[in-house]
Amino acid sequence: MLIRQATKKDIENIMPMIKRVVSVMRKQGNEQWDQSYPSAVHYQKDVERGELFVCEQADQIVGVCTISSRGHEEYPLISWSAHEKSWTIKRLAVDPEQQGKGITDQFFRFIELLAKQKDISYLNTDTFADNRHAQRLFSRNGFAFVEARRNEQDQAELYYYEKHL
């Protein structure tokens, strides 16, 4: 498996995978993502910022992840344990046909190695309260729960996580 920076051309292969991921999430009762999020526009902006990465296996994209130097708009309100330069992990997805093969764990190892190379010692992320799969994933990869906060726009409760490297 190879993790590399994504290109605009990759988006045409990412979006069908995201559609399959959303379908599985919905079947699990997880409504964090839908037909409008994440969109090709989100991923295109990530590519333009140099923040989108893909995992390839046998020339097929099997996973995608955004590694951003910008948190979400509510991040300044979160009770993070540190307010140092950090990276935010966003839009992490693995093709349902490839789940359970350690791809997400490889993404986390890649992110941590890249962060250390760039002198970033702090990672953060968030997920919906009903996304138990993501919560287990974050815990398994050494992230600590920070707080729960209700999103006023859609009334969803979000869980925030952090990791010091």
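Predicted model: local features only at pLDDT ≥ 70, side-chain atom pairs only at ≥ 80, totals over all residues.
Select helix α4, residues 132–140, a helix here being a DSSP run of H or I of at least four residues, and a strand a run of E of at least two, numbered from the N terminus. Its buried residues are Ala 134, Gln 135, Leu 137 and Phe 138; buried means under 20% relative accessible area, exposed over 50% and partly exposed in between, with a 1.4 Å probe and protein chains only.

Residues are numbered from 1 along each chain as its sequence is written, and side-chain values use heavy atoms, with hydrogens and water left out.

Next, turn to the face of α4 directed away from the buried side, where Arg 136 and Arg 140 are exposed. Then display β4 (87–94), α3 (103–117), β5 (122–128) and β7 (157–164), against which the buried residues of α4 pack; contact means heavy atoms within 4.5 Å. Just after α4, select Gly 142, which has a positive phi of about 85 degrees.

Finally, select α1 (residues 11–27) and α2 (residues 40–48), whose axes lie 10 Å apart. The contact is made by Ile 11, Ile 14, Met 15 and Ile 18 of α1 and by Ala 40, Tyr 43, Gln 44 and Val 47 of α2.

Conventions. Axes fitted to C-alpha atoms, helices over the stretch in contact; angles between N-to-C directions.
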